[in-house]
Amino acid sequence: MFPEYDVIVVGAGHAGCEAAHAAAAMGSKVMLVTMNMMTIAQMSCNPAMGGIAKGQIIREIDALGGMSGIVSDKSTIQFRMLNKSKGPAMWSPRSQNDRNLFSQYWREALEANPNVDIWQDMVNALLLDGNKVKGVKTNLGIEIIGKSVVLTNGTFLNGLIHIGEKRFGGGRTAERAATGITEQLIQLGFEAGRMKTGTPPRLDGRSINYAILEEQKGDEDPEQFSFLQKTNLPTQRSCYITYTNQKVHEILEKGFDQSPLFTGRIKGIGPRYCPSIEDKINRFAERERHQLFVEPEGWNTVEVYINGFSTSLPEDVQFKALKQIKGFENIKMFRPGYAIEYDYFPPTQLQNTLETQLIEHLYFAGQINGTTGYEEAASQGLIAGINAVLKIREAPPFTLKRSDAYIGVLIDDLINKGTEEPYRMFTSRAEYRILLRQDNADLRLTKLGYEIGLASKERFDVVNQKIYNINQLVEELKKLKMNPADINDKLHEIGSSPVREKIDTYQLLKRPELNLEKLMKVNSQLEQTLKPFSREEIEQAEINTIYESYIEKERKLVEKVEHLEHFKIREGFDYRQIKALSIEAMEKLSKIRPATIGQATRISGVSPADISVIMVYLGR
């Protein structure tokens with residue numbers, strides 16, 4: 001019925017779509033198997049992309065040649081750059097999206113690629129040839145043969161939905177759970193666990209009194225995620241802010257005896273940084289209110305998402321509590337919030353390519369690895385799809401270091417430290433975040449994406465031109481000299497100390513209180529100098545100049561640390577030979593199988609003393 005495929009992708013969520021796109025764009029024949037073609041790339045929870053650290057990931061996906069940034073831009077209804085009051089290492093782009101358009105544009109992108117076939121069915125078994133995967137078997141009994149398989153099952157593996165005392169199988173509301181794969185993987189020797197996530201009720205926006213809520217508009221001059229495809233956003237939809245109160249908390253607390261979270265019916269561990277509203281009330285009893293974001297679901301719908309009110313309480317308790325919130329007095333509810341438990345596989349069972357250690361050519365990406373969030377899932381799908389292709393071609397694997405990208409930090413954390421709760425990316429997880437800014441993702445990664453055949457020649461040429469223009473602008477700033485007599489009065493007006501001799505704009509820009517916008521008031525020639533350059537090029541030149549010493553310091557730190565990555569550990573090395581190792585280190589190293597000494601240093605439970613012992617032993 002089907003030909004043999006290069007890559008079979010199971011699941012068409014954010015991870016699955018990026019995996020299928022990456023493999024197909026690199027020239028491989030791809031089969032994407034989904035349980036429902038109508039929900040390809042569905043935003044199962046909030047209708048938004050990006051945010052703190054997550055926005056950096058979307059920019060990195062785009063820079064490598066992925067699609068999440070382009071699809072997000074085409075479906076954006078509001079765009080904001082978060083943390084602008086802080087330094088550029090903390091700036092994070094975020095878009096509010098039209099849920100239906102996001103899914104539509106992703107499906108159109110996949111269908112436009114002749115290398116992608118799609119089949120609607122449930123995969124309930126892997127086909128194996130010894131310790132290698134050779135395909136999948138579906139619920140209809142169809143065997144699909146492939147050289148590699150990428151599992152991106154999301155919340156569907158033995159998914160169990162909870163609403164109060166009600167519980168029923170499902171991967172999402174109104175969609176059945178996937179069965180069979182977990183049981184087979186456990187039989188093959190994989191370790192599995194349970195996690196939990198949740199979603200808030202969806203409300204009818206016609207019943208909300210927006211006039212008394214706090215409006216949250218998008219940026220006046222909105223940017224976008226993609227470095228390549230330019231989109232306009234002439235109008236935007238506002239979000240709104242409201243708060244819970246003591247009355248709301250009292251009503252919710254009365255339902256705690258029916259909450260699966262507190263009665264023990266939910267066994268899975270939920271996300272620490274995105275707790276349910278009942279969990280927030282229980283853990284932070286001293287707080288009189290909690291902030292809620294009222295987010296539109298799209299351009300032409302009245303459906304509204306209540307960010308911050310995730311819950312699994314009975315639907316009548318949810319409804320009564322909502323009616324006590326400011327602006328929700330006459331609220332109508334489309335559907336209640338719920339919690340969902342699902343299977344995951346601790347990611348310490350993976351290599352840094354996201355290939356499993358036990359089964360060759362089998363890759364895991366997304367929530368199956370214990371992560372939470374569209375962005376984290378999409379980035380894993382991208383890396384898994386790339387490596388599935390490279391493995392088939394017997395080409396070197398594609399990996400990103402912690403100093404290369406947030407994606408590198410994410411995967412390194414997962415495979416070396418594992419996670420016992422849904423993993424979410426934060427800027428604080430990246431020790432080199434001055435280098436890993438959202439604004440320079442293309443400068444860091446597009447060349448790498450082009451070299452493996454994913455990023456297009458057009459994208460590569462755009463980046464090279466941008467690099468040239470940035471360097472040209474820096475040279476222009478160095479040439480633009482200013483005399484003390486011409487600028488000292490203006491410097492005084494903007495709170496900067498006077499200069500005693502002729503100075504170029506480049507050196508003046510290094511003053512912490514100055515930027516190019518302020519310097520244009522000091523020297524009218526500067527505006528003319530900047531005119532030929534784009535906003536992105538000007539921003540890059542400015543950041544690189546102002547933060548030059550910090551950037552250089554971080555680069556030197558990277559060089560110092562990464563020399564350990566050059567010390568390879570041979571595959572199959574037996575750590576039991578090294579008697580001086582601690583028992584914990586021996587167990588962790590034997591399980592995770594680090595490829596380098598550098599990776600070994602990042603494994604929880606492996607001490608500096610253990611590393612010294614290994615290096616001495618290998619030196620022998």
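How do strand β10 (residues 160-163) and β11 pair, and over how many bridges? They pair in the antiparallel sense, over 4 bridges. The model shown here is predicted, so local features need pLDDT of at least 70 and side-chain atom pairs count only at pLDDT 80 or more, while totals for chains, interfaces and linings use all residues. Residues are numbered from 1 along each chain as its sequence is written, and side-chain values use heavy atoms, with hydrogens and water left out.

**View 1. An open sheet of 4 strands.** The strands follow the order β11-β10-β19-β12, and their pairing is antiparallel. Two strands pair if DSSP finds at least two bridges between them; strands are DSSP runs of E with at least two residues, helices are runs of H or I with at least four, and both are numbered from the N terminus. β11 (166-169) and β12 (193-199) stand at the edges with a single partner strand each, so one side of each has no neighbour in the sheet. From one strand to the next, the twist averages 25 degrees. Ile-163 has Lys-166 in β11 as its bridge partner. Strands of a sheet pair through backbone hydrogen bonds, either parallel or antiparallel.

**View 2. Strand β4 beside strand β5.** β4 (residues 76-82) is mostly covered, with 6 of its 7 residues buried (buried means under 20% relative accessible area, with a 1.4 Å probe and protein chains only). β4 pairs with β5 (residues 92-97) in the antiparallel sense over 6 bridges. Opposite Phe-79 stands Ser-95 in β5.

**View 3. Helix α1 against helix α10.** The axes of α1 (residues 14-25) and α10 (residues 374-392) come within 7 Å and cross at roughly 30 degrees. These axes are lines fitted to C-alpha atoms over the stretch in contact, and angles run from 0 to 180 degrees between N-to-C directions. The two helices are therefore roughly parallel to each other (angles under 35 degrees). Residues in the contact include Ala-15, Ala-19 and Ala-22 of α1 and Gly-381, Leu-382 and Gly-385 of α10; contact means heavy atoms within 4.5 Å.

**View 4. Leu-110 in helix α4.** Leu-110 lies in α4 (residues 99-111). Because its relative accessibility is 2%, Leu-110 counts as buried. Leaving aside neighbours within four places in sequence, Leu-110 is in contact with Cys-17, Ala-20, His-21, Leu-32, Ile-40 and Val-116. The C-alpha atoms of Leu-110 and Glu-18 are separated by 9.5 Å, with the two residues 92 residues apart along the chain.

Note on methods: Angles under 35 degrees count as roughly parallel, over 145 as roughly antiparallel, 65 to 115 as roughly perpendicular and the rest as oblique. Buried means under 20% relative accessible area, exposed over 50%, partly exposed in between (1.4 Å probe, protein chains only).
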